[in-house]
Amino acid sequence: MHANPMRAAAALLALALCGCAPIEPWVKPYERERLADPIMQSQRDALAARHQEHVRVVREGARGATGVQGGGCGCN
Amino acid sequence: MVATDVKRAGRFARVRRWLSSLRGGRGALVAVRAAQLLGGAMAATSAGAVALPEDRAEAMAHLYDGGGTKASGPAVLVRKSVNDQLALSASYYVDMVSNASIDVVTTASPYHEKREAYDLGLDYVVRDSLMTLTLGNSKEPDYIADTWGADISHDVFGGMTTVSLGFTHGSDRVGKKDIGFFDTAHHWQYRLGVTQILTPRWLASVNTEVVSDDGFLGSPYRVARVFGAAVPERNPRTRTSRAVKFRVIGDVGDRDIVHADYRYFWDTWEIRSHTVETGYSRYFGNAWLADSFVRFNSQHKASFYSDNATSETTYVSRNRQLGTYTDVSVGASLSYTFAQVPGVYDAKVHAGYEFVHYNYKDFTDIRTGSLYSYNASVLQLYLTANF
Amino acid sequence: MTPATPRTSPLRRLACALLLGAAAGLAQAAIAPQQKAPDFTLRSMDGRNMRLAELRGRVVLVNFWATWCGPCRQEMPQLSKLYDRYRGAGLVLLGVNVDDDVRRAADVAGKLAVTFPVLLDTDKQVSKLYELNSMPSTLIIDRDGRIRFIHLGYRDGYEAAYERQIRDLLKE
């Protein structure tokens, strides 16, 4: 059976990640209190984030990678 | 220009075809295998690290006012969990636009329009993964957009790292007043993001997104200028764009945080943009939270953009959104919690304001002959409740 | 675990890699069933000190929780029910809270109507001692002071498993 390139890449990725297994998570779950605070989230309020992103996409040529999911409206 | 565009589109078509072959069972198999790959390889002993989004209700009034365009309206969102693994959400958004912008005023007459958008979402948690499905519909008299999307977010490495993948497909019907719907447009968005816990106080994330468009990608109302004369604009029928965004956020004092991000964007229309944003947020007392930010965006024009073209080209556009310009914005928002039981429920009221200044380097105001610039205000007033 | 030979298909190599990763992950957990539960002394919310070693002879359920952890808050009422049902039979239930802010912990414990003692591990010493890998973590310790069951995280229905295991240990 010929190795499908996607499968080979996946296997390599697993092996590579496996090589990192000895590194332990250095921030323990009980030390994550500050990180769990909503102030640390980049988008706390879905509607406000969507609206802000919508205004920017309409007014600018650039779009994407902001973490706001959602389709377009094609507003012209 | 046309040849390279088609080649790039061709290369991308192969990926698109592979991804669209992932329908039904086969797609689910690949998603599960991808999740297993990312999760199993680290074999984190933490369980149930990914949580379902909280039950939530939001109601907002929004306003954009700038350059002669005013868009305002209400929006609502509700999310409710069915059990500890499944949550459903629905939202409704209205934009009432009255447009007397420079394009409209110099080439046509002001108009009013209403756009309504409905979105439905489903969130499903399975061990360390959160899967989200979304459906959306946006409708205005001359434009209908239907979208569906799927996202998966997975915690690995003891919950220190979250990897997310997402895909959205949009299918639009493009119309023009007096003519009706005459064309279509399709969009494919592919997202990949990694968020990494650096220390008990600092997080970093990288997000990339590829957006591919096909079909009628301009505006049937907008005109371009060639040799001083107005002609309908001609946009390419395909576009592929890529963006990468780096973000860092950290808890710096007792009750305040700082964030900074940078995004680089580039596409097959030769638009390049750099966006930098930095912000500071702070709690005051038990009930107040203040956010502030400064954002700077700089864009280099599309290859076929021209304020006044001096040659005949296949594509030409005078859409200032595709030109060379910079915009700077400053924003602040305040939130007041008027009812809460920590960890059980809370209700808040928020007000946010953003001031934006747009400065165009290659778009002139034909009424005055000088380069165009204008200011805009964005206002958001809303209530939220977590329960 | 012998690694796969280079001749095997990529899929088999992938499976081996996953197993290696899983083995490595498991090897990191130092708190394992049948081990003696490390002793600790913590102050409870009502001011008394409690020491684990003094509870020898009783069945003890230790639950590590925090106010900022959603599944922890969901679990609390279930633990209260278990405590009320089995305290007469000799069950001791200790909720070890790891919040930085004690007032917040007291606030949430009150609102969730917690009936069992809440111990305060503000400096995270006991959490470190038990090498917790997840929030919440629930450990069930038998009458000899040995850890018999470990539950990482919380999902609807876990409390049924806790109940079964408590009943088995109470019979011993």
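In the predicted model, C:Q78, C:L82 and C:Y86 of helix α2(C) are in contact with C:E159, C:Y162, C:E163, C:I166 and C:L170 of helix α5(C). For α2 of chain C, which covers residues 70–86, and α5 of chain C, which covers residues 158–171, the angle is about 25° and the axes lie 11 Å apart. Because angles under 35 degrees count as roughly parallel, α2(C) is described as roughly parallel to α5(C). The crossing of α2(C) and α5(C) is right-handed.

Of the 172 residues in chain C, 41% are buried. Among the contacts in chain C with a separation of 6 or more, 67% are between residues 24 or more positions apart.

In chain A, helix α3 comprises the 14 residues 46–59 and spans 20 Å from its first C-alpha to its last, which is close to the 20 Å expected at 1.5 Å a residue. This helix, α3(A), is mostly covered, with 10 of its 14 residues buried; among them are A:A46, A:L47, A:H51, A:V55 and A:R59. The partners of the buried residues of α3(A) lie in chain B, where these residues pack against β1 (56–66), β2 (69–81), β3 (86–99), β17 (345–364) and β18 (371–386).

Conventions
Residues numbered from 1 in each chain as written. Chains lettered and ligands numbered in written order. Predicted model: local features only at pLDDT ≥ 70, side-chain atom pairs only at ≥ 80, totals over all residues. Axes fitted to C-alpha atoms, helices over the stretch in contact; angles between N-to-C directions. Helix = DSSP H or I, 4+ residues; strand = E, 2+ residues; numbered from the N terminus. Parallel < 35°, antiparallel > 145°, perpendicular 65-115°, else oblique. Left-handed = near helix turned anticlockwise from the far one by under 90°. Contact = placed C-beta atoms within 7 Å. Buried ≥ 20, exposed ≤ 12 C-beta atoms within 10 Å, placed from the backbone. Expected span 1.5 Å × (residues − 1).
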